[in-house]
Amino acid sequence: MATARRASSADPWVRWVAAAGGFLVPVIAAWMLLPGVDEVPGGFPATLLWEFRIASLGTQVVFWAAFGVLFGWASDRVSARHAATTRPATAPPTSPTTSSTPPSPASSS
């Protein structure tokens, strides 16, 4: 809470630098302190690795496309329901004897 108050009073560039530092410091520390990873052993077939990567990419595309479509559908339903419940009140009906046009100068004489 106190940090939010201090950050909101600072210039925008100070907040950007603080956010970048807050992200980069732990990432660089983890990169330097954690051991390296050799993901693929020496005798592993390259074609099998390539096929796995392509299948993994296809799975990601299908997942995020389905997620986006379902989220869009759900948010559209909620938006329509919200619009139906917050519809503005209709204007009172006007009587047929009242005219919305001003009288013409010829009829006033």
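Rings of Phe, Tyr and Trp (its six-membered ring) pair if their centres lie within 6.5 Å; planes under 30 degrees apart are stacked, over 60 edge-to-face, and the rest tilted. By that rule, this structure holds three aromatic pairs. It is a predicted model: local features need pLDDT of at least 70, side-chain atom pairs count only at pLDDT 80 or more, and totals for chains, interfaces and linings use all residues. Residues are numbered from 1 along each chain as its sequence is written, and side-chain values use heavy atoms, with hydrogens and water left out.

**Fold**
- The protein has three helices and zero strands. Both are DSSP runs, numbered from the N terminus: helices are H or I of at least four residues, strands E of at least two.
- From the N terminus on, the order is α-α-α.

**Exposure**
- Of the 109 residues, 1% are buried. Buried means under 20% relative accessible area, exposed over 50%, and partly exposed in between (1.4 Å probe, protein chains only).

**Aromatic cluster**
- Ring pairs link F63, W64 and F67 into a cluster.
- F63 and W64 are edge-to-face, because their ring centres are 4.9 Å apart and their planes stand at 80°.
- W64 and F67 also form an edge-to-face pair, at 5.5 Å centre to centre and 85° between the planes.
- Helix α3 (residues 46-85) holds both W64 and F67, three residues apart, about one turn of the helix.
- F63 has 45% relative accessibility, so it counts as partly exposed.
- F67 is partly exposed too, at 46%.

**Helix α2**
- W31 is found in helix α2 (residues 12-33).
- Its relative accessibility is 70%, so W31 counts as exposed.
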